[in-house]
Amino acid sequence: MRVVLGPMEGVLDHLMREILTDINDYDLCVTEFVRVVDQRLPEHVFKRLCPELDQGSQTKSGVPVHIQLLGQDPHWMAENAVVAAELGARGIDLNFGCPAKLVNKSKGGAALLQHPELIHSVVKACRDAVDPAIPVTAKIRLGWENPDDCFEIVSAIESAGANELTVHARTKSGGYKASEIKWDYINQIRQRSSIPLIANGEIWDYQAGQACIETTGVDSLMVCRGAFNVPNLGNVVKHNATIMPWSEVVELMLVYSQYEMKGDKGLYYPNRIKQWFAYLRNQYPEAADLFREIRTFNKAEPIVERIKHYRDSLQA
Ligand SMILES: Cc1cc2nc3c(=O)[nH]c(=O)nc-3n(C[C@H](O)[C@H](O)[C@H](O)COP(=O)(O)O)c2cc1C
């Protein structure tokens, strides 16, 4: 089976990819989306979201990184797909699932699910423009409101020549509600089409991964939020590894702290680490206690100090 570390805008940046691919056996990563509107974007936009371009479009531990684009104009999407490919991207993923209001208002992301013909044009323009050796893939939700729309959407993507398709098995209206997940639709898609599929949504542990494979008949899985709740989720899902103990998570947070401070001198660190805590609290009750201690700090140093102190107290 394959396990993909999926895209999470504003959360899963290259530092997190480095840390999570270092401790897990992931097969592939996808970057946060590059927003394409009506121009050819400069190199630095791609490199900021995907510094791995400078190391063969792979993380330090050798996991390939694909660049995701989000946009609705076939011409400009293709132009930027070519730029990404020329910069060395190992694959180009096209986002047709983002539910953000701003993105949807300009017809990007999930809004396109209401226009399969436009999805077709975007995918075809990109596929035709990019070197055939480089995969052009897509990521969708099942539809805007009606999950039955997924069949027309998938057929639009498949006939445009996409190499693979990730299906987040909820509609845009389904938001992120667990009760809205519809893995059985992925099974129906699999039976009706021949495009290779990646199943996504609500995979939090080994059992959920197995249940998803059983329901969908697809053995390529993508994990997103769960990878933040359980830092070794890739190995949990793929190898039935034991969930990382809390003491190791604390060590990992300190590793992350070092990386993050080196990267931008700690400017974004307080927000980033608090964001991670919000996920960790879903899995580790201890995270709530430590979070209370650092919650009010706005600078990196006192947060790192507090986590170190906490680590030392665990070891004592
Ligand atoms: C904070 C956040 C940011 C996300 N950013 C992206 C993105 O940039 N591109 C994308 O295709 N999906 C994005 N998604 C959707 C996820 O890739 C994934 O499809 C969704 O979270 C369901 O998977 P999960 O249940 O494993 O989290 C985002 C989700 C979250 C929660």
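A polar contact is a pair of N or O atoms within 3.5 Å. In this predicted model, local features need pLDDT of at least 70, side-chain atom pairs count only at pLDDT 80 or more, and totals for chains, interfaces and linings use all residues. Residues are numbered from 1 along each chain as its sequence is written, and side-chain values use heavy atoms, without hydrogens and water.

For Cys224, the distance from a polar backbone atom to a ligand oxygen is 3.0 Å. Alone, the ligand exposes 610 Å², and the protein buries 90% of that (Shrake-Rupley method, 1.4 Å probe).

## The surrounding shell

The ligand is surrounded by 18 residues (a heavy atom within 4 Å). Glu9, Gln68, Asn200, Glu202 and Arg225 are the closest. The shell splits into eight nonpolar, five polar and five charged residues. Here Cys and Pro count as nonpolar, Glu and Arg as charged, and Gly as polar.

Glu202 lies in the loop between strand 7 (197-200) and helix 8 (206-216). Helices (at least four residues) and strands (at least two) are DSSP runs.

## Binding site in the record

An unreviewed UniProt entry places a "binding site" at Gln68, Lys139, His168, Asn200, Gly201, Glu202, Cys224 and Arg225. Such annotations may be inferred rather than shown by experiment.

Key. Polar contact = N/O pair within 3.5 Å; in protein donor to acceptor, adjacent residues only side chain to side chain.
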